Amino acid sequence: MGVDPTPRIDDGAIGTGTTMRFILLVVLLVSATAAMFSTVTNDLVGGMSDRCLLSAGADLDQARASMFFLEVHNQSGLRQVCEDQFPDVAWWLSVVWVAVVVFVSAGLFFGSPVWKSRRRRVVQLAAVDPDGRLHRRLAGLVAAARLTSAPRFVVDLAAGPAGAVVFGRNGRPTVCLQGGLLAERDTDPHRFRAVVLHELAHIRNRDVTITYLTITLWRVFLVFVLTPFAVYAVFALTHGGSYWRTDLTDHTGFLIQAAFLAALVYLARADVLRHREICADRTAVRLGADPRGWVIEPAELIINSPRRVLLSFLELWRTHPRWQLRRDALTDPAPLFGAPLLTSFLAGAVARLTSAQFASYAAAIRPSADPVSLHESFGLVVAAFIAGTAGIALSRSVIYAQLTTTRIPSGFAAGLCLGIGFVAADLLPADGEWLPEKPWILALLLCSGVIFGMWSAAGTALWISTLPTRAVRVSTLLTLVPAGLMMAGWLAWWDINHVWFEDGLTSHISVYLNQATISGHRAEQRIAEDAVQYLYEPGMIPLFPYAAAAVWAVPAVAWTVRRHRGTQLPAAPGIDSRARRASAPTVREVLRPIAIGTVTCWTGIVIVQGYMHTFQPRLPSDREGYAWIYLGWVLVALLAGAAAAAVAVNVYSDRFRLVTTIVVTETVLMFGGLGFEALSSLDGCIPPLSTFLMSCGVQLFEPRLIRFFIPAILAAGLAVASLVAVAATMIDEIRTRLRRPRAPAHHGTSINPLERWWVAVIVTAAVVTVVANELAASGTRPSYDPAFWAATSGPTLRPISLRTRGYQLVSWGAVGGFDLIIRFFPYEGNQRSAPLSDLLTGCRVLAHISDDAAHSFRLPDPQLLPLWSAFITGAASASKECIDAVNSLQVPFTSEDSQQAEEIDRNGALEHALESLDYVDNAFIAFGVCLNLVLFDSGLTDPVPATRQPRHAPVPVGVVHPTR
C-alpha cells in the first residue's frame, strides 16, 4: 500500500509552533541559569541570612514551620531589615551571569559555520562538479523549493552515509552534501531529490537559525552552567557539612535541582529539533519530493500497551523522530497538532521557576513594594507565557481536530500535564524541607492546570465553530485572553498564600474581627466564617473579579455572532479541508439549566430565611456573628442552585462543557444573588421570613461583609462549574471508550433576536458584579496585622535543641544584641561613685540602649527573655528618673563632689533614681550569668568572631562579659 504524498492540510494555515517551542526553550535556559547561579552564590555567602533568621527566633532544623513563628511574634519585618542591611548577593550578578552565557552562545553560534567547514574538511561544489551537471540539478531543486536565493553548497567527501545537512543561519545557509549521497544521485534519484529538498525545506521554513541556536545554547548550558553547578552540588553534599538537619536536604536538593533542570532543558531541546524535522519532511513532500526517497523501516505493529507507552516516552528524548513516525506524518500531520502534553508540562515547570526568579529579584530591588501589585504583575507576565506556549499549542490541536475527522480534545490531558509541571517545579526541595506540611494542597495546582486546559480547548472549539475561517487567530485570542487573566489572578494568589496553606495555617475571622459567637450556633458560625473566608481569598487579588467576569461574559458573546456552516482553511490543491463543525448549544439549551438553577437558589434562600427566623439576634453584639451564619447558609443555597444548573447543562449538552458550565453557573449565582438581595431588602415585611428586623423596613448589609461575599460567590461558581465539568468530561471519556461517539450536529445560520437579549443580560450581569465588588471593597488586609496573626493557627514547632538555642543567642548578639550589652559595660555598678556629669551621661546612654532594644530583635530564648525584658524595662524607667533627678539639682555638672549633690537632693529623687539603677545592675548581672550558662551548656565557648562567617559554618561564641 503506497503512501499518499499529498498533505491533507497546509501546516502554515494553522502554524506549526516551532518558534513557540524555541521561545519556551530560551525562557527555560535563562530561568535555569539564573536559578543555578543564585543557588550557588547564596549558599556560598549566605551566612547573614541564616544569622538574621536565627536572631529572629527561627530554628533552621525546622525552617518552614518557624517562619510562622516569626510572623506571630512580628519578627519578619526585623528579619527583612537585617537582611537588607547585610545583603548576601547583589541580585544583578545573576543577570550579569545570564548575559555572559548569552554572549558566549552568540560567539559560538556565529563561529560554528566556519568551525563546521574546517572540521569536516568540506570542498566547494565546483571541485567535484567539473561539467556543471550537479550544479544545474541543484539549481532546479532550489527553484522547486521557491527560495529567493540559492544557498551555498559544499561537499563532504569523507562522509559515507547518503545524507545531507544544512547549517549556518537563515540569511547565510550552507548545505553540505555527503559523499554517499553524491554516489547515489544517479542510481537512486528519488532519494537524492528527497534528501536535498528536505534540507531546502529547512531553509524555506526558516528554522536554520533556530536549529543552531538550540544546539549552541544546549552546549553552552551544559559546559558553563550545568557542569559547574553539578560539581558544586556534589562537593556541597560530600564536604559541605551538615550543621543543621535542613542542610542535608538543601545539599541533596542541589543534585535534584540539577537533574530536574537538565532534564527540562534536554526535553525542550529535543522537542524543537524533532518538531522541525517533521515540518521539513512535510514541506519537502509539498515541494515535490517523492516519499519513496525516505529510508523507511518496516512498520512494526505494537499491540502491547506498556510497550507502546515506553516507546512514546523514549520518543520524547530523541532529537530525530523515528522513521515510522516520519512516514506517518507525511500523510497525517497529527504529530504536529496532537495534544501538546510535553509542551504543557514544560510550560508549567518554566512558569513556576520564572515566578520564583521574579519574586527573588523583586524582593531585592523593591523590598518595600506592595506584594499584591508585584505578584499581579508577575502573574500577568507568567500567564502570558503559559497562554503563548501551552495555550496556543492546545488551540492548534483543537483547530486541527475541527478540520479533520479527529476527535476534538477536551484539554484535560494537556491541562493535567500543565498542572504536573507546576507541581514538579514547586516540589523542588526548599527551606530544608522535602515536602510541605500539607502536600495535598498542591492538588490545587493540578486543578488549575486542568481548568486552564479544558477552558482553552472548549473556548477555542466554541469560537472556531462560530467565526469564519479567516478569524482563526481571533478565535485563539478570544479564548486565551480570558484564560490568561484567570491564570494570572490564580498565580498571584498562589504566590502570596501557598506557603501558609501548605504549612497548615488557618485563621479565624471571628477572632480577627473581634466579634462574639452566638451561643448554640458556634459550630455553624465557625464553618460559615471559614467557608466564606477561603472562598474570599482569591478576592484579595484585585485582578480576580475582572478575570472571573471575562471567563463568564466573553464566551457568552459567541451566541450573538452569526454562525457559519463551513470552515475552509488554505489547503493543498485538490484536498477538501471542510471542517467537521460541532455546534454550540442553543440559547434555549442554556436557558433551561439557568431556570432550574435559579429556582433552586430562590427556594433555598426562602428555606434559609425561615431557618434564620428561629433565632433572631436579640443583642447588638450578636448581629455580626448572626450575619456570618446567614451568609454561610445563603452561600449553601446559592451553591445548591449552581450545582443543579451545572449538572443540568452537562446533561442537556456535551459540547464545550467547561465554557458553557461557567456561563450558566455564574449567571445562576447572579440571579440567585438578586433574589437574595430582594428578599433581604424586605426583611420584616414577611413575618415568617424576617431575620434582622422585627418590622417591615430596609436592611442593608455591612460593606465589609459584602466585600467578603461577592468574591466568594464568584470563586464558588468557578469551583462548582469546574468540578462538575471535569467529572462530566471523565465520564464522557469512559463512555467514549466503550462505544462509538455520535457525530456532532450542525447548527443553523440564523440567530433569534431574543437570544441576543439574553446574552446582553449575561454580559451586563458580569459587569455589574465587578462594579459592585469594587464599590463594596474598602481595602485589603494589611501585609502584617497583629490581630490577624493572633487569630491564626499554624504548624506546631518541635522543641528547640540546646545547640540551636545557643546559635540563636550568638546570632542575636552578632546583629546588635552584644552591642547593647557592651555599651552598658562602662557604667555598670559605678553610678553612686560617679560625678554628676558622668552619671547624667550614663543615664542618657542607658536611655538610648532601652530605645534601641525596643527596635531590635526580641531575645530569641524564651527562658532568658524575662531577664532581658526586666533589664530593658528597668533601664527605660531608671534612665528617665535619673535624668529628671539630676536636671532638678541646682549644682554644676562639673562638680566632682557627689556628697554635695546628696545634700541638695532634698526630696530624695536622686536617691530613688540610684536605687532604680541598682535594680538595673542586678537585672543585668542575673541576665549575664544565665546567658553564660546557656552558652556554656550548648558548647559554644570560643571567642566572639570579628568577621562574617559563610553559611553552614556558624562559629560558636562563648562568655559575653566577665560578670562580677
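Leucine 427 lies in the loop between α17 (412-426) and α18 (443-464), where helices (H or I, at least four residues) and strands (E, at least two) are DSSP runs numbered from the N terminus. At 33% relative accessibility this leucine counts as partly exposed, a class that falls between buried (under 20% relative accessible area) and exposed (over 50%), computed with a 1.4 Å probe and protein chains only. Leucine 427 and proline 439 are 12 residues apart in sequence, and their C-alpha atoms are 9.1 Å apart in space.

This is a predicted model, in which local features need pLDDT of at least 70 and side-chain atom pairs count only at pLDDT 80 or more, while totals for chains, interfaces and linings use all residues. Residues are numbered from 1 along each chain as its sequence is written, and side-chain values use heavy atoms, with hydrogens and water left out.

The protein chain as a whole contains 33 helices and six strands, and buried residues make up 54% of its 964 residues. Its exposed surface comes to about 42200 Å², of which carbon and sulfur atoms supply 63%; the areas come from the Shrake-Rupley method with a 1.4 Å probe, and for residues only the protein chains shown count as cover. Of the contacts (heavy atoms within 4.5 Å) between residues at least 6 apart in sequence, 82% join residues at least 24 apart.

The interior can be described through its nonpolar cores, each a set of buried Ala, Val, Leu, Ile, Met, Phe, Trp, Tyr and Cys residues joined through side-chain atoms within 4.5 Å. The largest core has 131 residues, among which Phe221, Leu264, Leu346, Ile386, Met487 and Phe544 touch the most other members. Helix α24 (residues 623-652) gives the most to this core, with 13 residues. A second, separate core of 41 residues includes Leu820, Leu840, Leu864 and Val920.

Phenylalanine 221, once residues up to four places away in sequence are set aside, touches Leu29, Ala32, Thr33, Met36, Leu226, Ala262 and Val265.

Arginine 352 has its place in helix α15 (residues 341-365) and is buried, with a relative accessible area of 7%. Leaving aside neighbours within four places in sequence, arginine 352 is in contact with Phe422, Ala425, Asp426, Leu491, Trp494, Asp495 and His498.

Side chains of opposite charge can pair when their charged atoms come close. A search of the whole structure finds 16 salt bridges, each defined by a side-chain nitrogen of Lys or Arg within 4 Å of a carboxyl oxygen of Asp or Glu. In one of them, arginine 137 pairs with aspartate 186, the closest N and O atoms being 3.4 Å apart. This pair links distant parts of the chain, since arginine 137 is in helix α7 (residues 133-144) and aspartate 186, 49 residues apart from it, is in the loop between α8 (179-183) and α9 (189-204). Arginine 137 is partly exposed at 29% relative accessible area, whereas aspartate 186 is exposed at 51%.

Another salt bridge joins the side chains of arginine 823 and aspartate 852 (2.9 Å, N to O). Arginine 823 belongs to helix α29 (residues 802-824) and aspartate 852 to helix α30 (residues 836-854), so the pair ties together parts that are 29 residues apart in sequence. Lysine 880 and aspartate 884 also meet in a salt bridge (3.2 Å, N to O), but both lie in helix α31 (residues 865-888), four residues apart, about one turn of the helix. An α-helix has 3.6 residues a turn, so residues three or four places apart point the same way.

Arginine 146, in the loop between α7 and β2 (152-156), has a phi near 55°, a positive value in a residue other than glycine. Arginine 206, in the loop between α9 and α10, has a positive phi of about 55° although it is not a glycine. Arginine 146 counts as exposed at 52% relative accessibility, and arginine 206 counts as exposed at 54%.
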